[in-house]
Amino acid sequence: MNFNLLTQKSLSLFAVVGGWRTLAESIASRALFTVVYLITGQVTTSALIAVGGVFVIAVARVWTDRKYWQAAGGLLTVGVSAFLAGSSGVGVNFYLVGVLASVAGAAVFLVSMLVGWPLIGLVVGQARGERFTWRRDRARRRLYQKCSAVFLAKFAIGAMVMVPLYLAGNVIVLGIVSTLLTMPATAACAYVIWRILRAEADPTEAESAVPISNRG
């Protein structure tokens, strides 16, 4: 996700998550694995089909946009997930990367807020050219704490929901939850933060802001 987009006057849903292909990769890998596993009950087959689906999207991305790194990143993620599931024969391990990412994300955002260096402040402050001067402004520091709390809530909820499902071995429900709590939830959090930042920058403009675009 490109946090620098949060400083813009308008926000595209697909721009936030890195384009529709990034969104498709994130959803396709989990959705394909979940659906195929539900039908076949075969871990290896489900993992291979998930990899195949993301591979097709990656090829399309390279062919049309020449975005090699993004394509490679999507393939690497689903490849690791497929390896963990296939090598262990345990379906829930396909979602282990997402589970660990939620736990780590919650920890990082929480620590950044506790030590007074909210992560959103570090990123948006650099994008705005503020560097670290925002830390001397109590109001702005509170603003970035509030924005960071949005993502903290997202990761914390993800961890609290997914960890028990993972430990219980509930492949289907974990697959559905994991799909919803990745890019869709990230885009929703980014939009909330954008509205907070726009309101702080210009309260009048924020009231009349055009709803989020659905086009890339």
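Biologist: Is Glu25 buried or exposed?

Modeller: Glu25 lies in helix 2 (helices, H or I of at least four residues, and strands, E of at least two, are DSSP runs numbered from the N terminus). The relative accessible area of Glu25 is 7%, where under 20% means buried, over 50% exposed and anything in between partly exposed, with a 1.4 Å probe and protein chains only. Because of that 7%, Glu25 is classed as buried.

Biologist: At what pLDDT do side-chain atom pairs count?

Modeller: Residues are numbered from 1 along each chain as its sequence is written, and side-chain values use heavy atoms, leaving out hydrogens and water. This is a predicted model, in which totals for chains, interfaces and linings use all residues, local features need pLDDT of at least 70, and side-chain atom pairs count only at pLDDT 80 or more.

Biologist: How many helices does the protein have?

Modeller: Read along the sequence, the pattern is α-α-α-α-α-α-α-α-α-α. There are zero strands, and the number of helices is ten.

Biologist: What percentage of contacts between residues at least 6 apart in sequence join residues at least 24 apart?

Modeller: Of the 216 residues, 42% count as buried. Contact means heavy atoms within 4.5 Å. Among contacts between residues at least 6 apart, the part joining residues at least 24 apart is 65%.

Biologist: Which residue has its backbone nitrogen 3.1 Å from a polar atom of the side chain of Ser46?

Modeller: Ser46 is found in helix 3, residues 43–65, and is buried because its relative accessibility is 0%. Beyond its neighbours within four places in sequence, Ser46 is in contact with Phe33, Val36, Tyr37 and Thr40. The backbone nitrogen at 3.1 Å from the Ser46 side chain belongs to Tyr37.

Biologist: Which residue has a side chain joined to that of Ser88 by a polar contact of 2.8 Å?

Modeller: Ser88 is in helix 4, residues 68–88, and is partly exposed because its relative accessible area is 38%. A polar contact is a pair of N or O atoms within 3.5 Å; within protein, one must be able to donate a hydrogen and the other to accept it, and residues adjacent in sequence count only if both atoms are side-chain atoms. A polar atom of the Ser88 side chain lies 3.2 Å from the backbone nitrogen of Val90. The 2.8 Å contact joins the side chain of Ser88 to that of Asn93.

Biologist: How many disulfides are found in the whole structure?

Modeller: Cys147 is buried at 0% relative accessible area, and Cys189 is buried at 9%. A disulfide requires a pair of cysteine sulfur atoms within 2.5 Å. The number found in the whole structure is zero.

Biologist: At what angle do the axes of helix 5 and helix 7 cross?

Modeller: Axes are lines fitted to C-alpha atoms, for helices over the stretch in contact, and angles run from 0 to 180 degrees between N-to-C directions. The axes of helix 5 (residues 96–114) and helix 7 (residues 138–168) come within 8 Å, crossing at roughly 145 degrees.

Biologist: How many charged residues does the contact of helix 5 with helix 7 have?

Modeller: Ala, Val, Leu, Ile, Met, Phe, Trp, Tyr, Cys and Pro count as nonpolar, Asp, Glu, Lys and Arg as charged, and the others, Gly among them, as polar. The residues that meet include Phe109 in helix 5 and Phe155 in helix 7. By class, this contact has 17 nonpolar residues and six polar ones, while the charged residues number none.

Biologist: Is the crossing of helix 6 and helix 7 left-handed or right-handed?

Modeller: Helix 6 (residues 119–127) packs on helix 7 at about 115 degrees, with the axes 7 Å apart. A crossing is left-handed if the near helix is turned anticlockwise from the far one by less than a right angle, and right-handed if clockwise. The crossing of helix 6 and helix 7 is right-handed.

Biologist: What distance separates the C-alpha atoms of Asn170 and Val92?

Modeller: Asn170 is in the loop between helix 7 and helix 8 (171–180). Leaving aside neighbours within four places in sequence, Asn170 is in contact with Val92 and Leu165. Asn170 and Val92 are 78 residues apart along the chain, and their C-alpha atoms are separated by 6.9 Å.
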